[in-house]
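Welcome! Take a moment to look through the sequence and the fold, and then let us walk through them together.

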Amino acid sequence: MTRVAIVGGGAAGLLAGIAAAWSGAQVTIYEKMRVPGKKMLITGKGRCNVCNDCDAQEVLRNVPVNPRFLYSALGAFSPADVKAFFEEKGVALKTERGNRVFPVSDRASDIIDALFLWVRRTGVSIVHASVSDLVMQDGRVTGVRAGKKTCLADRVIVATGGASYPQTGSTGDGYRFAREAGHTVVPANPSLVPLVESGETCRSLMGLSLRNVQLTVFENEKKIYTDFGEMLFTHFGLSGPLVLSASAHMRHFGSKSYRVEIDLKPALDEKTLDRRLLADFDKHKNSDFINALGELLPRKLIPAVIEKSGIDPREKVNTITKKQRASLLRVLKAFPVEISGKRPIAEAIVTTGGVSVREVSPKTMESKKCSGLYFAGEVLDVDAYTGGFNLQIAWSTGRLAGLSAAQEEE
């Protein structure tokens with residue numbers, strides 16, 4: 001019987017364990033946290049965005065880094081397969097906006113409970129211990145060192161996650177293991193992370209949430225991304241689902257400059273919005289300008305919009321010129337925020353970077369540098385946008401690694 005050791009009890013590690021045990025291997029998962037799968041508990045605001053209800057090609061379109069590497073893994077375990085897997089385990093699922101799949105219960109714990117039920121049923125052992133090193137001999141992995149013990153294994157799967165949310169156990173250990181085995185590790189950087197403003201506009205709007213707005217990212221004045229949804233102003237800059245997705249496209253801070261523009265009224269084109277402004281101005285023609293936008297904008301946002309428009313807030317509405325109105329329209333359709341960088345990697349949902357996929361077999365997830373060593377999940381240099389795509393990567397690569405590691409040597 002093939003002995004498989006798995007380092008990390010997150011999404012990729014748990015599914016790898018189930019797949020390997022189902023294939024007849026003797027499996028031990030080493031997890032340093034008291035509660036395995038802790039990061040899943042906080043995904044999707046505690047609801048766990050299990051996957052995206054789309055085909056494998058659509059998943060690949062949402063993977064900006066090394067998508068072709070995932071072709072085999074996704075072909076063998078697609079979003080439809082993920083849904084079927086959990087529904088067969090008794091978890092009812094639902095599909096929401098953007099084809100995001102969640103448990104009907106809105107509880108991430110239901111996903112984890114289903115995984116643990118099958119971990120137990122397939123006979124997988126979970127050891128709560130921190131792995132300090134891989135044990136290697138003659139270019140082959142032969143086990144792991146956990147605590148003060150050397151634990152022998154025929155195959156080892158590294159599924160330690162990246163370096164985001166270290167409180168969930170993702171502290172970058174897998175990168176060190178990979179380097180020790182001779183692998184190249186692409187430096188880890190935050191992805192799907194809040195953005196930091198170079199200025200004070202966002203601080204003045206702290207706590208304001210906007211729904212149904214359109215956000216566009218400019219890199220050196222070139223438009224590189226646009227999307228529609230919900231966002232939040234914070235004391236440091238911008239956050240919320242729309243912003244996290246946008247951050248994945250902003251990869252060259254230091255060498256390139258970034259700006260976001262927010263269309264506060266995406267449902268209205270400029271002509272329609274101008275007619276709306278004229279109607280509001282007519283209602284408030286004898287008022288100060290600052291008192292004329294209450295029906296159009298959230299109260300907290302009005303001073304910032306007026307400041308960026310360059311119009312005196314105390315100017316009487318009936319004296320505002322067509323040129324001034326055009327300036328206001330520009331701000332309403334493209335409210336600008338200069339971005340200086342991203343929040344720290346510890347605040348990122350996922351990391352970009354990791355074990356170079358050139359040195360890992362896409363058909364098995366086995367290392368090309370060290371026989372018997374496999375990688376799965378976020379430790380690899382693949383990451384995706386929000387919407388359940390990163391968990392899909394974990395499920396697909398974890399399952400493929402588990403099945404491959406369980407195979408008896410010929």
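Is Asp-106 buried, partly exposed or exposed? With a relative accessible area of 30%, Asp-106 is partly exposed. Here buried means under 20% relative accessible area, exposed means over 50%, and partly exposed lies in between (1.4 Å probe, protein chains only).

## What you are looking at

This is a predicted model, in which local features need pLDDT of at least 70 and side-chain atom pairs count only at pLDDT 80 or more, while totals for chains, interfaces and linings use all residues. Residues are numbered from 1 along each chain as its sequence is written, and side-chain values use heavy atoms, with hydrogens and water left out.

The protein has 410 residues, and 56% of them count as buried. Its C-alpha trace spans about 85 × 45 × 35 Å along the principal axes. The secondary structure comes to 13 helices and 19 strands; helices (H or I, at least four residues) and strands (E, at least two) are DSSP runs, numbered from the N terminus. Contact means heavy atoms within 4.5 Å. Among contacts between residues at least 6 apart in sequence, 72% join residues at least 24 apart.

## Two residues with positive phi

Let us return to Asp-106, which sits in the loop between β5 (100-103) and α6 (108-121). Asp-106 has a positive phi of about 60°, although it is not a glycine. Leu-192 is not a glycine either, and it has a positive phi of about 50°. Leu-192 is found in the loop between β11 (185-191) and β12, and with a relative accessible area of 1% it is buried.

## An open sheet

Strands of a sheet pair through backbone hydrogen bonds, either parallel or antiparallel. Which strands form the open sheet here, and in what order? Three strands do, in the order β7-β8-β9, with antiparallel pairing; two strands pair if DSSP finds at least two bridges between them. The edge strands, β7 (131-137) and β9 (149-152), each pair on one side only. From one strand to the next, the twist averages 30°. Such angles run from 0 to 180 degrees between N-to-C directions, and the axes are lines fitted to C-alpha atoms, for helices over the stretch in contact.

Strand β8 (residues 140-146) pairs with β9 over four bridges, in the antiparallel sense. You can find Arg-145 opposite Thr-150 in β9.

## A closed barrel

Now look for six strands that form a closed barrel, running β12-β15-β14-β13-β16-β17 with antiparallel pairing. Strand β14 (residues 222-233) pairs with strand β15 (residues 237-239) over two bridges, and Phe-233 stands opposite Leu-238 in β15. Ser-239, also in β15, is buried, with a relative accessible area of 15%.

Val-196 lies in strand β12 (residues 195-197). The C-alpha atoms of Val-196 and Phe-236 are separated by 5.4 Å, although these residues are 40 apart along the chain. Leaving aside neighbours within four places in sequence, the contacts of Val-196 include Phe-236, Ile-339 and Arg-343.

Helix α12 (residues 322-333) lies across β16 (258-263) and β17 (335-342), running at about 105° to β16. Helix α12 is also among the elements that cover the buried residues of α10.

Which residues of α10 are buried? They are Leu-273, Asp-274, Leu-277, Asp-280 and Phe-281. These residues are on the same side of α10 because they cover an arc of only 125° around the axis, where the arc is that of the directions from the helix axis to the C-beta atoms. The face turned away from the buried side carries the exposed residues Lys-271, Arg-275 and Lys-283.

In soluble globular proteins, nonpolar side chains tend to be buried together. A nonpolar core is a set of buried Ala, Val, Leu, Ile, Met, Phe, Trp, Tyr and Cys residues joined through side-chain atoms within 4.5 Å. The largest such core has 84 residues, of which Val-50, Phe-86, Ile-111, Leu-115, Val-156 and Trp-395 touch the most other members. Leaving aside neighbours within four places in sequence, Leu-115 is in contact with residues including Leu-14, Phe-86 and Trp-395. A second, separate core of 43 residues includes Ala-246, Leu-273, Ile-302 and Val-337.
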